Amino acid sequence: MAEPARQIQFGVFFQGVNFSTVWHWPESGSQTDYESFRRVAQTAERGLFSAFFLGEGLRLREHFGKIHDLDVVGRHDAMTLLAALAGVTDRIGLAATLSCTFNDPADLAYRLGSLHLLSDGRAAWNMVTTHNAWTGENFRRGGYLDAEDRYTHAESFVKAVFAIWDAWQGEIADRRDATAWADIQHPLAIQDEYYDIEVPRLLPPVPGGRPVTFQAGDSAEGREFAVRHANVIFSAHPEITDALAFAEDIRARSRAAGRPEHDLKTFPGQSFILADTLAEAQEKARYVQESQVTPETAVKYLENFWGRDLSEYDPDGPFPDADPVVQVTGSTRGSGFQLAKSQELAKTWRAIATEKNLTLREFVIHQTGQGIGRGLIGTPVSVADEIAQYVERHAVDGFNITPWLVPGGIDDIVNDLVPELQNRGIYRTAYEGETLRDIFGIPADSPSFAPVPAGIL
Amino acid sequence: MSRPISLAIHLDGDGAHPAAWRQAAHAPRALLTARRIRDIIGLAETAGFTLATLGGGHLPPGAAPNIVARIDPLQQAAFAGPLTTRIGLVPEVEATFIEPFHTANQFASLDHVSRGRAGWLVRATGDATAAKAYGWPPFEDEAALAREVGDVIEVNRRLWDSWEDDAVIRDTATWRYIDRDKLHYADFTGQTFSVKGTSYVPRPPQGQLPILSHDGLVDPALVDITIVHAPTLEAIPVAADEARDRGAALVGTDLEIVLDSRGEPATARLAWLDDHTPWARTGDPRVAGTASDLRDAIAFLAGTVDVVRLIPAVIDIDLPELRFAVLPALLRDGIIATPATGATLRESLGLGIAVNRYARA
């Protein structure tokens, strides 16, 4: 397969929960009102983004056994919301993060297949695994899956969903005087380690193929899973050196699996801070980070790793001298916090804080800025230059942009950055082709769209 | 004068007659499309219906050579939500086998995107075929099924109340986004499942969505509208009174309809369709006749039931007849009411404000 055209694509990740979304500015709009979503999705489409992307959280985050109250919280059922956006958008992909663990193949295949039909083939699925019993308390099956089994289960789940989508036989009639509406459809039997089900065929496929699939887990197992089943990786490696290493790792894994090496796209999460001058952009970035990491948030952030109350510590005072009381962090604050090794972390962090002479809050700003908070900072011109480097070196295929402000957080990106990128010839000037697969640049013969072979289940 | 009737229409495939697709105004392939959903729900809204129920269920809607596929009705309703302003959107969704936690969040989101016009027509298929799609055992009898439906309704109601309306406070004095004392765990343990809660969707605009169920499925006191079934028009008022005696808040009933259209008598239309596949009687009264016959039937029910749901034989033929020849006169005479733009479904139905069970007085 030829190497694809060197361009950058954008998606927008309407995150819904966390502290990266600033909620206390006058410009901070509703996180759940339909108008916020319409505004972001239509703005993204005006900016020729590839996808509008929603996360998932099947239980509200807790802090010491109580619902965590400092961050944005409250979101929508992703497929329901995306169906409500399907009628007010035309081309942008509509991506839902949906757990393989706490869904049924029959139900997920039916609902996402329905969104795919309703949107003329624009549905996408971020296939995630969840394994904790804490989330399981909201479901019939409870916490049934061990962490080490989550990918073997997901393998089985994804194959079942693909098989259901592929199972329709024949065509629906295209003439009003046809003798039959469609060919006879028999239920599909699926039997494997995890499933013994027989699913009625309720939907025909969309011309152009199954929904585009995303994968977001960063472990070696997660990456292998992506190479087998995903079209796009929503990765956690936005910084260019890191992104290059990640891309090379994925290409190597693709080659080893017999998959064309540019078939699987990488879209790390990324945020942008744009201003008229570099100095203003730096000042804005500092202000945004301080708005994200409020004094209370800084203390609670450390408490979650420490497993103990740190409220006696002044956020603007020195880094806590107390040690964590837990070995490993739990799952009640969401996936980003799970299973960190607290004792080691505390030592490392205290050393950084001492060395850089940071207060507790300054440290948390520094620490969280390594990930979601920092992003690409500068003028539209300087950021476009930086992105040109990513494109030149093929470090990424796109960025899934996490706006820190809702609903206006991508306005400057669409108004100012996209034209700069277009001027450089590294951003589309119109949507390609007919399908979401065309938009992502995934060839029709990609192995990831091949039908599930008979007998695999 | 009694409160006007709220008129509902059932939309599923090309109509309730199994051969309806043969008289549809489009090719079979155009059925499962966004455009079709937009057109039909839009026409029902224009006509003045209070709500549309959208058919659904675990199993295919029919058998070959007729329609065997349908788009998930909750997805249809969500799609139509922002594109409509008055009509209630009431998908028919199974209470069995699906995760109740998903159902509750989906309906809450549907209510948000439709600005308070969502409702739930409860369906409960508990047989072996449906069970096999999910890998659960079937329900052994009607009592077990009724208990399950009651549990699923209860957990949905608790989850819809699990956020108080003013839970989001954005308080910069304490840097709290929410007041967590206004969020509540559902802590539900039923016979076959338990759900901790809370919902991840903030409380729906209506607080509690109107729930509709067919009489006999669950205790009428658990739902907002109990749809009674009687073999004749004349028997409906008695059935309605009995349902009220058993605790029904609002009572609805179903009428199957086939109307004269374009110079062709309803009976001839029905005979042509039945020649392809007979439309089996469900036990509901069937009005096969003129627009005037149907207006008289609905007027007869005024004051006896709150909701009359029309089950059209062929949507593309009977819905335009309803819109032009049936509803205008009923609206003029005050026999039926049409929803106000922006009204919630609860408001259109005359249901009061839903008090949150967890809110402190």
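Contact here means heavy atoms within 4.5 Å.

**Entry 1: chain B overall**

This is a predicted model, so I keep that in mind throughout. I then went through the secondary structure and found 10 helices and 14 strands in chain B.

Next I looked up the dimensions. The C-alpha trace of chain B spans about 70 × 45 × 40 Å along its principal axes. Its radius of gyration is 21 Å, which agrees with the value near 21 Å for a compact globule, because the chain has 361 residues.

**Entry 2: surface and charges of chain B**

How much of chain B is buried? I get 61% of its 361 residues. The chain exposes about 12,600 Å², and carbon and sulfur atoms supply 52% of that. I also looked at charge: there are 34 positive and 46 negative charges in chain B, and their mean positions are 6 Å apart.

**Entry 3: Arg59(A)**

I moved to chain A and found Arg59(A) in the loop between strand S2 (51-54) and strand S3 (62-63). Is Arg59(A) buried or exposed? Its relative accessibility is 8%, so it counts as buried, the cut-off being under 20%.

I followed its side chain. One polar contact goes to the side chain of Glu62(A) at 3.0 Å, and another to the side chain of Glu137(A), also listed at 3.0 Å. Leaving out residues up to four places away in sequence, Arg59(A) touches Trp134(A), Glu137(A) and Asn138(A), along with Tyr185(B), Lys196(B) and Gly197(B) of chain B.

Conventions
Residues numbered from 1 in each chain as written. Chains lettered and ligands numbered in written order. Predicted model: local features only at pLDDT ≥ 70, side-chain atom pairs only at ≥ 80, totals over all residues. Heavy atoms only, no water. Helix = DSSP H or I, 4+ residues; strand = E, 2+ residues; numbered from the N terminus. Rg over C-alpha atoms; globule rule 2.2 N^0.38 Å. Buried < 20%, exposed > 50% of the residue type's maximum accessible area, 1.4 Å probe, protein only. Areas by Shrake-Rupley, 256 points an atom, 1.4 Å probe, with all protein chains shown as cover. Lys, Arg positive; Asp, Glu negative; His and termini not counted. Charge placed at Lys NZ, Arg CZ, Asp CG, Glu CD. Polar contact = N/O pair within 3.5 Å; in protein donor to acceptor, adjacent residues only side chain to side chain.
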